[in-house]
Structures are given as C-alpha cells and as structure tokens.
Amino acid sequence: MQNSPKFIKIYQCADEAAALQFHYKVHTSIDIIEEKLNVGNKTTVDIRDLYLGLLFATEEYKIYGYATNTKIKFVIVLQSSNVSIRDNEIKTTFKKLHAAYSNTVCNPFYIPGDEIKSKSFDASVLEIMSVI
C-alpha cells in the first residue's frame, strides 16, 4: 500500500478513542497531501519546498504536512490552543523528522516499505515532538 502509515506516534494522548481519531486525521491529511502534490500544472508549485504548510484546521487541532522528493509524507497534528508556535518552527520540526527518518531507513537492516519499528527513531521523534 503506497499511502499506508509506516510510523504513527501519539504524544501525550490519554485514551484509545482519541488515538483512533488521530489515525483518521492522519489518513485524511495524507489525502490532502496527495491532492497538493498532484496539482495539474507542476510549474505553479515550487517542488523544491517540501513543507506544505497548514493542511487544515479544526476547532481542536491544526494539521501540517510535509512531503519529500521521494513522496514520503509527514504529518504533524497540534492542538489549536497552541498559538505560540510559528510556521518556521513547524518547518524546522519537519526537517528534523526528515533527517531522523533518513537515518533510520539508511540502516542496512531496514526493509524498504516495512513499518518502522526502531527504538532510536522512536526516541528521536519523542525528542523532536517534546519541543513543540
């Protein structure tokens, strides 16, 4: 499956119902990223900018997207009440996630396309997300 999540980490989630809601939000966000990447006229989209910005916002959450040149997609879901975070901080966070992901998939024991089950990647994601 091309758009199946390879890694989902929910930071500070209280219950299983809320975790399921995040899964739905992530899948919806992946569809929006696909739409943004498949714009009919590629000359209007700056393909060098991997950060896609705010994908959509609800009353409770803001959802941001990032896609690599190899069509790997990253999604960050933040609480809407977190107004102190700026767009450039989100962009920096995505770049750090991209670097952590690159380090993980460069491991010779990682099988491309498999779910990521790396303790070091998990620790890196927790460290990156604790900042925002």
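Two strands count as paired when DSSP finds at least two bridges between them. With that in hand, I opened this predicted model and went to the strands.

**Sheet.** I found three strands in an open sheet, ordered β1-β2-β3, with antiparallel pairing. I noted β1 (51–57) and β3 (73–79) as the edge strands, each pairing on one side only. From one strand to the next, I have the twist down as 20 degrees on average.

**β1 with β2.** I followed β1 along strand β2 (residues 61–67) and counted five bridges, in the antiparallel sense. Which residue of β2 does A57 face? I looked, and A57 stands opposite K62. A reminder to myself: strands of a sheet pair through backbone hydrogen bonds, either parallel or antiparallel.

**Helices on the sheet.** Next I turned to the helices. Helix α1 (residues 16–37) lies across β1, β2 and β3, and I have its direction at about 130 degrees to β1. Helix α2 (residues 87–105) also lies across β1, β2 and β3, running at about 135 degrees to β3.

**Length of α1.** The 22 residues of α1, at 1.5 Å a residue, should span 32 Å, and the end C-alpha atoms are 32 Å apart, so the two agree.

**Buried side of α1.** Which residues of α1 are buried? My list reads A19, F22, K25, V26, S29, I30, I32, I33, E34 and L37. I was happy to recall that an α-helix has 3.6 residues a turn, so residues three or four places apart point the same way. What covers the buried residues of α1? I found β1, β2 and β3 among the covering elements.

Definitions and conventions. Residues numbered from 1 in each chain as written. Predicted model: local features only at pLDDT ≥ 70, side-chain atom pairs only at ≥ 80, totals over all residues. Heavy atoms only, no water. Helix = DSSP H or I, 4+ residues; strand = E, 2+ residues; numbered from the N terminus. Axes fitted to C-alpha atoms, helices over the stretch in contact; angles between N-to-C directions. Contact = heavy atoms within 4.5 Å. Expected span 1.5 Å × (residues − 1). Buried < 20%, exposed > 50% of the residue type's maximum accessible area, 1.4 Å probe, protein only.
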